[in-house]
Amino acid sequence: NMGGPGFRVYSTGFGPGGGMQFNQQGRRRPQQQQRAGGGGRAQQGQNQPPTWQGLVQFIPLLILFVLSFMSSPDESGTTHTGGSQYFSLTRSPPYVHMLETRLATVKDIPYYVTDKFLRSYKRDRYALAQVERMVERSYEQYLEKECATQRQYRLQLEKKAGRMADARERQKIQEKARDFELTRCAELTDLYPGRSGRRY
């Protein structure tokens, strides 16, 4: 569920007429007027209503605190592609509503969210910015994996060509390896330049 953990506010006083006092044995009994010579009246607690306006001010901070502990896609164990419990990089129910990054450094990265996300957080700029940063990082990790896969495929083609006895077949495989474009590697370098000194 989106948002932070629930919390309760407790009043520090007792309700009117519901005050309790303790006797020497630690047992409690309803507050009542003591007989003459038995001492003064017990003091009644005063109700102190919760300051809701003050609590509302901390809701954005509570949201940011919870989102800061959201796990990365590699650690979340989710089944949808490159996401977390808040979003997916691919359209997979219940992640059916496409958004694009606007507040992150890398713009226009498509990602998908749920109905609940749209109702609860799309208009919350603070929470949305945190989610978009995670989308940005998830997409970078996705491109890194795809780039590694493409490089591995090209390397396999080169090794296969080296084992070919027929010169014509060897040349054919070599050309295929040479013409194979590392599209994901190029996109990774273009969107995330200079992060690790990558060159492909």
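**Charges and salt bridges**

Reader: Hi! Which side chains does Arg 137 meet in a salt bridge?

Author: Arg 137 pairs with Glu 140 in a salt bridge, 2.9 Å from N to O. Keep in mind that this is a predicted model.

Reader: Thanks! How far apart are Arg 137 and Glu 140 in helix α5?

Author: They sit three residues apart in helix α5, so about one helical turn separates Arg 137 from Glu 140.

Reader: And is Glu 140 buried or exposed?

Author: Glu 140 is buried, because its relative accessible area of 3% falls under the 20% cut-off.

Reader: Nice. How many salt bridges does the structure hold?

Author: There are four. Among them, Glu 100 and Arg 102 meet at 3.1 Å, N to O, and Arg 102 also bridges to Asp 108, with the closest N and O atoms 2.7 Å apart.

Reader: Switching topic: which residues form the positive surface patch?

Author: Lys 159, Lys 160, Arg 163, Lys 172 and Lys 176 make up that patch.

Reader: Which helix gives the largest share?

Author: That is α5, with three residues. Both α5 (125–163) and α6 (167–179) supply at least two residues each. Lys 160, for one, lies in α5 and is partly exposed, with a relative accessible area of 40%.

Definitions and conventions
Residues are numbered from 1 along each chain as its sequence is written. This is a predicted model: local features need pLDDT of at least 70, side-chain atom pairs count only at pLDDT 80 or more; totals for chains, interfaces and linings use all residues. Side-chain values use heavy atoms; hydrogens and water are left out. Patches are made of residues with over 30% relative accessible area and no salt bridge: like charges are joined within 9 Å, nonpolar side chains (Val, Leu, Ile, Met, Phe, Trp, Tyr) within 5 Å. Accessible areas come from the Shrake-Rupley method with a 1.4 Å probe; for residues, only the protein chains shown count as cover. Lys and Arg count as positive and Asp and Glu as negative; His and the chain ends are not counted. The place of a charge is taken as NZ of Lys, CZ of Arg, CG of Asp or CD of Glu. Helices (H or I, at least four residues) and strands (E, at least two) are DSSP runs, numbered from the N terminus. Buried means under 20% relative accessible area, exposed over 50%, partly exposed in between (1.4 Å probe, protein chains only).
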